[in-house]
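Please open the model in your viewer and keep the selection tool at hand. The tour below goes from one selection to the next and says what is there.

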Amino acid sequence: MIRNLPTLLLAFLFATNVCAQTEDNNVMVSDASDCYYFSEKNGVVTVRNERAETYTATRMWADVQPFISYGRGCQLTSSRVRGYSPMYKNVTRSSVFAGDTKVCYFNARLGSKGETLRASFERLYSDVRFFTDIPFHNDYFIKDKVIKVVVPKSLSRFAVKGINLPPSVVFEHKQSGGNDIYTFTITNMPTPPTDDNQPDNTSGIIVTGSFADYADLYAWEHKFAEEVDCSVSNIDQIVSEATAGANSDVERVARTLEWVQNNIRYVAVEKGDNAWKPDAPQEVIRKTYGDCKGMALLLRTLLKHQKIDARLADVSSAKAFVKPSQVPTLCSIDHMVCVAFVGGKEYWLDATNKYAPLGFVSDWTSGCEAIYEEPGNKCRMVRMPLHTSSMSKDSVVADYSLASEGAIVGEIKHHFTGDMKMSALTAYFETESQDRKELSGRMLGVAVSPNIDVSDISWSGADSRSDVSTLSAKIRNKDAVEMVGSEVYVELNPMKDWILLVVNTEKRKTDYELPMIAECSADITLSVPKSMTVESVPENLTVETDNAVLSLLCEARGQKIIFRKKIVIKNKIVPLAKQSDWNATVKRWNEACSEQIVLKKCNQ
Amino acid sequence: MSKRFTKMMAAVCAAVLVLFSSAVKAENDADYRKYADGVRKEVYAMPMPEFSNPKIPDELKNKSSVVMARYTDVSVGKQLKFAFNFGISLSNDVLLTRMTRELVYIGDESTLKEYSEYEFQTHSKNWTGYGVDRQKRVLGIRVIKKDGTVSEVPTDDYIIESEGYKDKNKTHKLAVPGLQIGDFVDVMFHTVTRYQNHSFEPMYFTFFDTKPVLSDKYHCVINKDLATFYRCFNGAKRFVESTNADGDIVLDATVLNEPQFPEFWVKYSAQVPYIQLQIYHLKSDKPKSAQSGLRYVEDYETQLKDAWAGVSFGKIPFYPLSKDAKQVIRNCEKLSDKEKVERIYNVMLLMSINGHSYWGVESFLNEFGKALKKAGISFKPFFTTDEGDEPIDELGTYYNAYPGIYIPSVDEYYVRPVAIMPAGEIPASFSGRKAFVTDEKGTTWSPVTLPSYTAEQNKEKYDVAVKFDGTKLNVSRRLELSGLRKTSAQMRLLTFGDFDSSLRRNAGTKEKSYEEYIWAEFDSNTRAGKIEEIRKAREKQLENVKSEIENFHGKDVQVDFKSFKVESYGTRRDSSSFVFNVDYEISNLVKKAGKNLMLSVGELLGRQTTLDENERKRNVDIYYKPRTFEHTVRIDLPSGYTVSAEALGKLNVNVANECAEFVAKASLNGSQLVVEMRKVYKNDHEPVSNWNKIVEVVDVAKNYQNMQVVLSK
């Protein structure tokens, strides 16, 4: 339910064939204007957009693709590049199955150095609510561009607002001829970086005034849900099947959530009314699929039928560009969940997270603003519960002994909770049945090797209801042991810490975003035969950075060696300036964890 | 004007109008929907008991997916129509209707994902040299629940997305409602294709899959006036042949419990049963031998003659020889035939990649033949087939015959030109293939076998020099790749400019490098574009070098790249190996072990083949290219460290059998640890009975990759 149209566009088909802009870029937008004129007729506010861009080849010929988007609430009225015919295409994000957004573009060519090409487009926003933001449109280096928004005095409730504007953008607001004129002058704006794992863009221009406040925004959106026929013909049968064995309201909520998670798959259809209006619960049940709105409304319907106070909540996830408290606009809301109130406690129910147990709030909605319905056609803005590192755990517990032939032998258990559980179970269940054993081995940190025998693999809690999912197995690992003379070398570090990634700093221009807020740990014991003594164990290490706390403890207690390591990711963003330090820390950590345990045979 | 004539004119005009209207009429959404509903109704009304009441056998219940039944219906007709392509003309069209239907058991989430969402364009057009081909498509889905309830997906559930000029192009999307794990999905896809003024390429009906298929049926109805040929391969049974009431040809085939094949080390063209079917309109493009009716192909000669009729071998002057080419030919008068051939071959390659929009194989051979004649070198044409197709002595269709040039004086065969291979080397897919050599008039045909590569010729040789820097390793690796082992590395690690420059040097042209050529041939604007291409190609090359390191050691090894250098492009006869040096630093192959160090020495030899549990069981023969790997690692031990005799001894491994071998030897040369590894896959084909012998060697090699050695202080 991400509705930020311009953001979507930047990820369009051009990604593959538009010239990447670097310091030695060849094509630039040498001159551009992007003007928006508000007007009102018969009480309906519309916005006319006129865009004109001049592309220039700075060093040689080049292919260029001038483009503009349109779709629901926004019609394309004119498009022109002399000598070229426009092309029209649907653009749908990979996470959306079907949508309404289209793009008009030209496959044009600048024939030689210094040649220019003029592209012009006109659009009309027939519903001003869909005019949410203005992109800088910088697939190319922008030399000079002016974005102008003209608002008549009579419509002064509308305005535009720059959010985290970069230094290349200068904002000016003046009044002239009875109009408010907002101008953003862009000079020498580079193309946006495309580093891997870069945080979402947080700068742009937002249109304000479409909604008086968050309550107005909620009311507008909520009316779509209220129009939906929520009757379900076999609701008694479904509820009784879903809640069989449940003894309390909380259990009933949990079972109902689980029923939706198990029986409805997530498919996002954002076409026509479906972009805002949830599918009818009866239809979601028939289709066995739905998007976040459809799942949330189905949950509310099933819970209400059980006399449980359940409400719909609009969510502004971590991916939303602005928050409704900052600017109440359609692009500040990008998700919908259901909230159940039982015994004075809120339960946030997001069935799109297939393996999330009751009460779990995913990292991407952690602490986010949400608006839910209140009695009497009112609503309330709250913050969703905070997701902390300890909610998403990936922990390995193993108890090994040393076999005489030179292998560590024992049982290993890999526990997953929270987002870690969701990632692990999704990967497991989406793998073909015949390949799951191999995948399980990898999850247990053992490579496919003729020297490693993994047996008795089993899962427990591999469902949405359980808080913890556990993968267990018996392992005989010869690769972890090296015997030379009287010395025996053992490596207990179970696996590479995938969450601690070394950042490729070459040419990088942005901060780096770590995979998730989470906690990874290993707690491993090795029983050493009495015929051996412990010569050395890895040195203990504790490192704390702004992003993570890393601790390694390894000690010998009699004939037992205890190897414990723990990684706590507390902040996902590694700033550009600190990436070298981060890499050094990760390398130091990896080196410490891989240090071998040295045992000595007593009789030699 | 007589009344009779007026009536006749009116009838003709009416006929023209009917033809015209049906040819250009645009179908609206309602028309399409009616058509699609009709197709679905017709298909689901067909009596097909294997699609009803499916029951998954107990032994297959744990499978990810099982194809309970598959049915392919092919109908081929012909039609005379008015065509409106740059004017009005009559068009001899072939109309192909193909319907495939599959009933699949959804065993798990991965199969549910695979079968739950669809997207297709309802109509498409394809402009060819003959006119415009048009295709119309319909999808039909039924869901069969465990209890046997059948529900057909209603047309309303299809989402229509429009795009293109005036939203004329329609894409239908369907997320299948009601489909869950444990269900069966009955998927039907129906296409009608109109081929304007030409026939279509051969159709292949294969009787195998990588998943279980319980029943597979084919039914074809072909207009009797078309020319229909077919041939069976690898034990596929002939169609049951009959005719229908109209005298049209009817072909049927059924296979129960299709064989399952793995996805690696197989050669489908030689292993899986299949039928090759080809149909021609006698009034459009067709081979010389085509005649109406049905013919089972039992010979190869007819197809070979058809192929011969379509090629020229130096007789047709398509392109004038360039000045460069003429000069090269003049300059090589005093050279031996072998040297002449190499120069001419390289200059013709240059001509084909520069300025002539890449010639096709036939054009290249024609021009190559022409140049050879001019240089006074005689040659003989030959035909062979790609290893993905049938052998030439079982040729089922002239489509699959590949032309080539045999030069007796140097005993060399030239087939598809590959810019990165030296003159005279045979591309991988033609090595060891059967061929027929003929004379200039195609009167006699002599069987030959094209040269093939031995395991010794297909070699990867790596010399790895390693120096310690604390717990980091400075690695300098030299690759020397020959035979078929070099091609993919050349493609990734060389640029277009490198190929071009090497061809120029080999051909002895005026401009000695691609850069010189650019400066000499192009105006400043085009030149700037070409220079930019070179810059981007170098960036891509650098990325590929880094990927090569990652592929060699695997993703778990932390590498910091330093530099690389190409020593030999491997494009000349006298230096046919591709030689490449790369330097980098590895930071996680040395681990502290008390006062000692533990070195992952196996990782320095590169990644070895891994067989997953599913891949270890095999019931079909093994096909691959014979090859040799010779890797030597020289490690300068850090000061004060050594390797004990016992530790050294563990690094010596020797496993050899008739199929493969893995030998590793370690020695200490002063303070240098030397590990030499040799791995050989000896043959290009092994019977399945030898599988365990191959697995034995693969496992030993994999174990060696995980080998560590203790460096004692």
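A patch, as the word is used here, is made of residues with over 30% relative accessible area and no salt bridge, and like charges are joined into it within 9 Å. Keep in mind throughout that this is a predicted model.

**First stop: a charged patch**

Select B:Lys125, B:Arg134, B:Lys166 and B:Lys168, which together form a patch of positive charge on the surface of the structure. Because exposed means over 50% relative accessible area, B:Lys168 with its 59% counts as exposed.

Over all chains, the whole structure holds 96 salt bridges, and the next selections show some of them. Select B:Lys145 and B:Asp183, whose salt bridge has its closest N and O atoms 2.7 Å apart. This pair links distant parts of the chain, since B:Lys145 sits in the loop between strand E5 (132-144) and strand E6 (150-152) of chain B, while B:Asp183 sits in the loop between E8 and strand E9 (184-196) of chain B, 38 residues apart. Is each partner buried or exposed, or partly exposed? B:Lys145 is partly exposed at a relative accessible area of 23%, whereas B:Asp183, at 3%, counts as buried.

Move on to B:Arg416 and B:Asp386, which form a salt bridge with 3.9 Å between the closest N and O atoms. B:Arg416 is partly exposed, with 28% relative accessible area, and B:Asp386, with 16% relative accessibility, counts as buried.

Now select B:Lys434 and B:Asp393, whose side chains meet in a salt bridge at 2.9 Å, N to O. Here again distant parts of the chain are linked, with B:Lys434 in strand E20 of chain B and B:Asp393 in the loop between E17 and E18 of chain B, 41 residues apart. B:Lys434 is partly exposed at 41%, and B:Asp393 likewise counts as partly exposed at 27% relative accessibility.

**Last stop: a network**

Finally, select B:Glu456, B:Lys459, B:Glu630, B:Glu661, B:Arg678 and B:Lys682, which are joined into one network by salt bridges that share partners.

Technical notes:
Residues numbered from 1 in each chain as written. Chains lettered and ligands numbered in written order. Predicted model: local features only at pLDDT ≥ 70, side-chain atom pairs only at ≥ 80, totals over all residues. Heavy atoms only, no water. Patch = residues over 30% accessible without salt bridge, like charges linked within 9 Å, V, L, I, M, F, W, Y side chains within 5 Å. Areas by Shrake-Rupley, 256 points an atom, 1.4 Å probe, with all protein chains shown as cover. Salt bridge = Lys/Arg side-chain N within 4 Å of Asp/Glu carboxyl O. Lys, Arg positive; Asp, Glu negative; His and termini not counted. Charge placed at Lys NZ, Arg CZ, Asp CG, Glu CD. Buried < 20%, exposed > 50% of the residue type's maximum accessible area, 1.4 Å probe, protein only. Helix = DSSP H or I, 4+ residues; strand = E, 2+ residues; numbered from the N terminus.
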